[in-house]
Amino acid sequence: MTTEPTVTNAALDRLPLFATDMEIATAIVGRARADYWRKAILPALEKSGFPGLDPLHKARPVPLVKQYYALYFGITLGFTLAKPDGEERIWIPKRERKRMVEEEARIAEAGTQQRDRRAEAKANSDAWKEKKQKALEEFRAKKARKNCGGEAPP
């Protein structure tokens, strides 16, 4: 025999099998708000499937009221449906967070150093090209003087 999950409430459990609206309201929301619940909330709940009055007993069946609230709370689904309350954040221990920050800083520093080395290599390469060009021109001028009898080419 399988039993369906039901709402457990001591006040609802003490009610008879069939209870009046005022008894149900008192059990659900308490004596202070029972009259308001009966007049304002109950008609709206009836539209959404709240058990109606039994014509023979002139009252509502309490087990069906419990079952209605079990469905209302999502108990029969095995879990309660909750809407997300914002961005999901995963807890990371303080040491781990510190290590991650340090590693990110180290990676950023390595990237900066690599860019600096590339820029320096390019600058050195440009300087080397200029020296090489100047040395080549001097060599050609020297060869030209030697071949032309000491005169520089025009």
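Helix α2 (residues 21–29) packs against helix α3 (residues 31–47) at an angle of about 115°, and their axes lie 8 Å apart. Axes here are lines fitted to C-alpha atoms, for helices over the stretch in contact, and angles run from 0 to 180 degrees between N-to-C directions. The crossing of α2 and α3 is right-handed. This is a predicted model, in which local features need pLDDT of at least 70 and side-chain atom pairs count only at pLDDT 80 or more, while totals for chains, interfaces and linings use all residues. Residues are numbered from 1 along each chain as its sequence is written, and side-chain values use heavy atoms, with hydrogens and water left out.

**The contact of α2 with α3**

On the α2 side, the residues that meet α3 are Asp-21, Met-22, Ile-24, Ala-25, Thr-26, Ile-28 and Val-29; their partners in α3 are Arg-31, Arg-33, Ala-34, Asp-35, Trp-37, Arg-38 and Leu-42. By class, these residues divide into eight nonpolar, one polar and five charged. In this scheme Ala, Val, Leu, Ile, Met, Phe, Trp, Tyr, Cys and Pro count as nonpolar, Asp, Glu, Lys and Arg as charged, and the others, Gly among them, as polar. Contact means heavy atoms within 4.5 Å.

**Overall architecture**

The secondary structure of the protein comes to five helices and two strands, and from the N terminus the elements run α-β-α-α-β-α-α. Helices (H or I, at least four residues) and strands (E, at least two) are DSSP runs, numbered from the N terminus. Of the 154 residues in the protein, 16% are buried. The terms are set by relative accessible area: buried is under 20%, exposed over 50%, and partly exposed in between (1.4 Å probe, protein chains only).

**The nonpolar core**

The largest nonpolar core has 15 residues, among which Leu-15, Ile-24, Trp-37, Leu-45, Phe-50 and Tyr-69 touch the most other members. Two or more residues come from each of α2, α3 and α4 (62–73). Such a core is a set of buried Ala, Val, Leu, Ile, Met, Phe, Trp, Tyr and Cys residues joined through side-chain atoms within 4.5 Å. Beyond its neighbours within four places in sequence, Phe-50 is in contact with Ile-24, Trp-37, Leu-42, Leu-45, Arg-60, Val-65, Tyr-68 and Tyr-69.

**Arg-60 and its partners**

Arg-60 is placed in strand β2 (residues 60–61). A polar contact of 2.4 Å joins its side chain to that of Asp-21, a residue of helix α2. A polar contact is a pair of N or O atoms within 3.5 Å; within protein, one must be able to donate a hydrogen and the other to accept it, and residues adjacent in sequence count only if both atoms are side-chain atoms. Not counting residues up to four places away in sequence, Arg-60 also touches others, including Leu-17, Phe-18, Leu-42, Glu-46 and Phe-50.

| Residue | Relative accessible area | Class |
|---|---|---|
| Arg-60 | 2% | buried |
| Leu-42 | 4% | buried |
| Lys-58 | 66% | exposed |

Leu-42 lies in helix α3. Lys-58 is placed in the loop between α3 and β2. Phi of Lys-58 is near 55°, a positive value in a residue other than glycine. Most residues other than glycine have a negative phi.

Key
Left-handed = near helix turned anticlockwise from the far one by under 90°.
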